[in-house]
Amino acid sequence: MAVPARRVSKARRDKRRQNESKVAVPAIVKCKNCGDYMRAHRVCPVCGYYNGRQVITVEEN
């Protein structure tokens, strides 16, 4: 039966696991209609447009 020759130290174990908890930054693009920054593949919160057509109406303040 295979048994590890030596115990893996905490430092070596943590070095191996250091990249597991990194979170990816969401993709941010410019809106084609108003030019404001928004998250990719979502309706623009400023103008309400998505993929060249108006999806929601946004109230003016």
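Here are a few notes on a surface patch and a pair of cysteines in this predicted model.

1. Before you start: residues are numbered from 1 along each chain as its sequence is written, and side-chain values use heavy atoms, leaving out hydrogens and water. Since the model is predicted, local features need pLDDT of at least 70 and side-chain atom pairs count only at pLDDT 80 or more, while totals for chains, interfaces and linings use all residues.

2. Have a look at the surface around V43, Y50, V55, I56 and V58, which make up a nonpolar patch with about 350 Å² of accessible area together. (Areas come from the Shrake-Rupley method with a 1.4 Å probe, and for residues only the protein chains shown count as cover.)

3. Y50 sits in strand β3, residues 49–50 (strands are DSSP runs of E, at least two residues, numbered from the N terminus). Y50 is partly exposed at 32% relative accessible area, and I56, in the segment after β4 (53–54), is partly exposed at 40%. Buried means under 20%, exposed over 50%, and partly exposed in between, using a 1.4 Å probe and protein chains only.

4. What does I56 touch, not counting residues up to four places away in sequence? V43, C47 and G48, with contact meaning heavy atoms within 4.5 Å.

5. C44 is in none, and its nearest cysteine sulfur, that of C47, lies 3.6 Å away. C44 is buried at 0% relative accessible area, and C47 also counts as buried, at 14%.

Conventions
Patches are made of residues with over 30% relative accessible area and no salt bridge: like charges are joined within 9 Å, nonpolar side chains (Val, Leu, Ile, Met, Phe, Trp, Tyr) within 5 Å. A salt bridge is a side-chain nitrogen of Lys or Arg within 4 Å of a carboxyl oxygen of Asp or Glu. Helices (H or I, at least four residues) and strands (E, at least two) are DSSP runs, numbered from the N terminus. A disulfide is a pair of cysteine sulfur atoms within 2.5 Å.
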